[in-house]
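Keep both open as you read.

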Amino acid sequence: MKKFLFLTVALFTMSVSFSFAQTKAEIQASVDRNAKLQKLCAKQPKETGVSDVDAYVSGVYKAAIASLKSSELLHNLYYRQIGETKDGVTDANSNQPTVEELVALGETLTEEVASIAKAGKGAEAAIKSSKENKNPLKAVKIATAIGFTTDVYPILVEESSARISIIKKMIETAKSAKM
């Protein structure tokens with residue numbers, strides 16, 4: 001019986017540490033994606049004068065900014081959960097995030113997925129409007145704006161999906177630690 005109990009505890013500990021290791025790599029990938037988003041959002045294109053294009057670019061830009069903010073919150077909660085600072089130094093003073101905090105962030109992230117999808121729906125109208133444009137001076141602005149969304153949107157979708165996966169693991173870990 002003691003061997004069984006010891007084995008169970010050992011397996012649980014290994015699975016939790018593996019989960020943290022896997023999530024740590026995911027957090028680092030998220031940090032890298034956010035750095036790319038931050039760099040791209042610093043170069044937000046100016047308005048083109050074509051309402052559908054401007055609405056699409058604005059929607060993608062706003063979704064990217066919201067994504068950056070919630071990713072930062074997710075990263076902070078993750079580091080609190082593992083008891084480290086972002087530099088990898090053990091933080092004895094960190095308090096574990098509660099399940100309620102993690103669930104609230106999970107709900108926010110789910111709402112962001114809907115806003116990202118809504119922003120993406122404007123792509124078809126933006127492309128149609130850009131094709132109807134005959135002004136060569138506007139064409140350059142439109143191409144720059146569409147190029148911005150072409151660069152930002154895939155990163156945004158990938159980051160959104162990764163955050164949902166990370167928060168699910170964090171909630172599972174918090175619930176199992178609570179038992």
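## Overview

Of the 179 residues in the protein, 37% are buried, where buried means under 20% relative accessible area, exposed means over 50% and partly exposed lies in between (1.4 Å probe, protein chains only). Please keep in mind that this is a predicted model, in which local features need pLDDT of at least 70, side-chain atom pairs count only at pLDDT 80 or more, and totals for chains, interfaces and linings use all residues. Residues are numbered from 1 along each chain as its sequence is written, and side-chain values use heavy atoms, with hydrogens and water left out.

The secondary structure comes to four helices and zero strands, so the elements, read from the N terminus on, run α-α-α-α; helices (H or I, at least four residues) and strands (E, at least two) are DSSP runs, numbered from the N terminus. The accessible surface is about 11,000 Å², and carbon and sulfur atoms account for 62% of that; these areas come from the Shrake-Rupley method with a 1.4 Å probe, and for residues only the protein chains shown count as cover.

The average pLDDT, which is the predictor's confidence in each residue from 0 to 100, is 84 for the protein, and 87% of the residues score at least 70. Confidence is lowest in H1, with a mean of 66, and highest in H2, at 93. Over residues 1–21 the pLDDT is below 50, and this stretch has six contacts in the model beyond near neighbours in sequence. Contact here means heavy atoms within 4.5 Å.

## The helices

How does the length of H2 compare with what its residue count predicts? At 1.5 Å a residue, the 32 residues of H2 should span 46 Å, and its end C-alpha atoms are 46 Å apart, which agrees. The expected span is 1.5 Å times one less than the number of residues in the helix.

For H3, the 34 residues should span 50 Å at 1.5 Å a residue, and the end C-alpha atoms are 51 Å apart, which agrees. H3 also bends by about 25 degrees at Glu124, the bend being the angle between axes fitted to the seven residues ending there and the seven starting there.

## The cores

A nonpolar core is a set of buried Ala, Val, Leu, Ile, Met, Phe, Trp, Tyr and Cys residues joined through side-chain atoms within 4.5 Å. The largest one has 21 residues, and those with the most contacts inside it are Leu37, Val53, Tyr56, Ala64, Ile146, Val152 and Leu156. At least two residues of this core come from each of helix H1 (2–41), helix H2 (51–82), helix H3 (99–132) and helix H4 (136–178). Leaving out residues up to four places away in sequence, Ala64 touches Leu37, Cys41, Val152 and Leu156. There is also a second, separate core of 15 residues, which includes Tyr79, Leu105, Leu109 and Ile171.

## Residues to look up

Among contacts between residues at least 6 apart in sequence, 82% join residues at least 24 apart.

| Pair | Apart in sequence | C-alpha to C-alpha |
|---|---|---|
| Arg33 and Leu68 | 35 residues | 9.5 Å |
| Gln44 and Phe148 | 104 residues | 7.3 Å |
| Lys121 and Tyr56 | 65 residues | 8.2 Å |

Not counting residues up to four places away in sequence, Arg33 touches Glu26, Ile155, Glu158, Glu159 and Ala162.

Gln44 sits in the loop between H1 and H2 and counts as partly exposed, at 37% relative accessibility. With residues up to four places away in sequence left out, Gln44 touches Tyr61 and Phe148.

Lys121 is found in H3 and counts as exposed, at 68% relative accessibility. Ser130 is also placed in H3, but Ser130 is buried, with a relative accessible area of 19%. Ser130 touches Val53 and Ile142, again not counting residues up to four places away in sequence.
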